[in-house]
Structure formats: C-alpha cells, structure tokens
Amino acid sequence: MESTVYIQAVNKFPFDDWACDAYLGWRDNGANIKLYEDINDVPANKYSIVVGCIEDTTQWFRNANIPIPEPMTMPEELRKYARREINILPLGDALQISRYPFFIKPYSTLKQFWYGIIKCDADKIHFNKDIPLDSTVLISEVVPMDAEYRCYIIDGKIIGVHYYLGDFKLYPDVNLVEKMIEDYTKAPRAYCIDVAVQKETGNTILVECNDGWSLGNYGLPPKLYVRFLTTRWREIITQNKI
C-alpha cells in the first residue's frame with residue numbers, strides 16, 4: 001500500500017510556508033497528498049506521513065501508540081560546542097535563579113511558555129501556570145550570536161546550510177559542523193544542527209539540535225526537504241513496527 005502524506009491546512013490551504021514546500025515537493029514526486037484540519041482525522045497507521053505543527057504530530061504519535069521521540073535540544077556529546085554554560089533542570093528550580101541575565105526555553109516539546117533572555121527578574125518569566133514545576137527547561141548563559149544558520153543532515157551528511165537570523169555576511173565553519181555530526185553518534189537519520197557565528201571571535205557555536213519529524217524549512221528545495229522529512233518518518237515507523 002502506498003503512503004499518504006497528510007499536510008495540515010487552514011481553509012483547505014497548507015497552514016505555513018514550509019507546509020507549502022512539503023506540498024510542492026511531494027506533488028512533484030507524484031505522492032498521494034491529503035490536506036487535513038483535524039489531526040484525529042489522519043489514519044494512525046504506517047502508511048501515513050504527517051506534516052504539521054508539533055502539537056499535531058505528537059498527537060498523531062499518541063493515536064498510533066508510538067512513543068514521542070525524546071528531545072535532542074542539546075545532546076551531551078555536543079555540549080562542548082556550545083561554548084557557554086548550559087544547565088537542564090526543572091522549571092521550579094529555574095524560577096529560583098538569581099544570576100542574571102540568563103536564557104530559558106523548554107527542553108521538551110512543550111511550547112506553552114514564553115522563552116527568551118531574562119535580564120533582571122525571574123518573576124517576569126511568562127509561562128502557562130498549568131505547566132508542572134518539574135517540567136524540564138534549558139538554562140543558558142547569554143553569549144553573542146551575531147548570525148544563525150540551520151544545517152540539515154541526512155545519514156551523517158550535510159544536505160544544506162541555510163541562514164535564518166542576524167548578519168547574513170557571517171558564515172559558519174562547516175568543517176566544525178561536520179565534527180559535531182561525527183561526535184553525535186546517537187543521532188537520528190534526519191535532523192538539524194543550528195549554529196551561530198560570533199562576529200568578534202569568528203567562532204561557530206552550537207545553538208541547538210532539532211529532530212526531523214516536525215521541522216520547518218529555512219531554504220531547502222522542496223524535493224530535498226521532503227526527502228529529509230520522509231527519511232526521519234520512515235525511521236520512526238520502522239523502529240516502532242506499527
């Protein structure tokens with residue numbers, strides 16, 4: 001049976017720019033494509049590939065009885081490339097921090113609370129009060145990040161490096177990114193490494209990593225983007241044998 005690609009839509013149109021890229025890429029490949037607006041209408045079987053927001057894709061995993069992949073924001077093997085102090089701890093502990101400034105963000109797939117630089121007052125961290133205080137967050141020392149790029153990887157090879165923030169004239173050290181890939185021995189088949197360039201030092205540093213099962217497109221050609229998504233989805237489906 002042929003796989004069907006289900007792309008999240010609003011008013012019968014792909015809901016975001018990267019969903020449009022996915023539509024174009026799979027259309028050019030002759031794939032069977034369906035637009036959906038309610039994730040519970042998507043069949044929870046091995047013939048489905050979902051292109052949607054984190055909330056939808058995680059709900060599909062639950063519907064299919066597939067464990068949601070563990071977060072890979074800051075792999076232990078790559079933490080040395082961050083060039084800054086990183087701590088992963090419960091939200092309740094983070095709210096007690098008084099060493100300012102610091103950066104806070106969810107460590108899991110939770111998106112329900114604000115993240116950013118806290119300069120002088122932890123009371124100004126805005127988050128959903130329903131989130132348990134034992135939810136895991138990442139706390140980072142604040143360092144200069146003058147340009148940011150996303151590096152897309154399939155099977156240990158970089159398939160694209162794309163600018164998304166800051167000074168586009170600063171370009172990352174791709175050889176260093178390849179060293180990160182080599183060190184990340186537990187990586188999935190398709191994922192990305194986000195890096196930043198520091199103008200004063202010229203250093204390329206790790207921002208974070210992101211899994212390839214629900215990931216925006218910052219510049220890959222549509223057909224290459226769907227190859228990236230398909231690679232990771234096939235890995236997940238194969239590992240879980242649904």
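The legends below describe close-up views of one predicted model. Because the model is predicted, local features need pLDDT of at least 70 and side-chain atom pairs count only at pLDDT 80 or more, while totals for chains, interfaces and linings use all residues. Residues are numbered from 1 along each chain as its sequence is written, and side-chain values use heavy atoms, with hydrogens and water left out.

**View 1. Overview of the chain.** The chain contains 5 helices and 12 strands; helices (H or I, at least four residues) and strands (E, at least two) are DSSP runs, numbered from the N terminus. Of its 242 residues, 48% count as buried, where buried means under 20% relative accessible area, exposed over 50%, and partly exposed in between (1.4 Å probe, protein chains only). Among contacts with a separation of 6 or more, 63% come from residues 24 or more positions apart; a contact means heavy atoms within 4.5 Å.

View 2. Helix α1 covers residues 17-28, and its 12 residues should span 16 Å at 1.5 Å a residue. The expected span is 1.5 Å times one less than the number of residues. The end C-alpha atoms of α1 are 17 Å apart, which agrees. Its buried residues are W18, A19, A22, G25 and W26. They lie on the same side of α1, because they cover an arc of only 125° around the axis; the arc is that of the directions from the helix axis to the C-beta atoms. Their packing partners are β1 (4-10), β2 (13-14), β3 (32-36), β4 (48-51) and α5 (222-240). Just after α1, G30 has a positive phi of about 75°.

View 3. A nonpolar core is a set of buried Ala, Val, Leu, Ile, Met, Phe, Trp, Tyr and Cys residues joined through side-chain atoms within 4.5 Å. The largest one has 33 residues, of which A22, W26, V51 and W60 touch the most other members. Two or more residues each come from β1, α1, β3, β4, α2, β9 (147-154), β11 (190-197) and α5. The largest share, 7 residues, is that of α5. Leaving out residues up to four places away in sequence, W26 touches V5, A31, I33, I49, V51, V226, L229 and T230. A second, separate core of 25 residues includes I153, M180, I193 and V197.

View 4. The structure holds 0 disulfides, a disulfide being a pair of cysteine sulfur atoms within 2.5 Å. For C151, the closest cysteine sulfur is that of C192, at 8.2 Å, too far for a bond. For C192, the closest is that of C209, at 7.1 Å, also too far for a bond. C151 counts as buried at 1% relative accessibility, and C192 counts as buried at 0%.

**View 5. Surroundings of E85.** E85 sits in the loop between α2 (54-63) and β5 (86-90) and is partly exposed at 46% relative accessibility. Apart from residues up to four places away in sequence, E85 touches R99, I139, S140 and E141. E85 and E141 are 56 residues apart in sequence, yet 5.3 Å apart in space, C-alpha to C-alpha. The side chains of E85 and N87 make a polar contact (3.1 Å). A polar contact is a pair of N or O atoms within 3.5 Å; within protein, one must be able to donate a hydrogen and the other to accept it, and residues adjacent in sequence count only if both atoms are side-chain atoms.

**View 6. K105 and its polar partner.** K105 lies in strand β6 (residues 102-106) and counts as buried at 14% relative accessibility. The side chain of K105 makes a polar contact with the side chain of E208 (2.3 Å).
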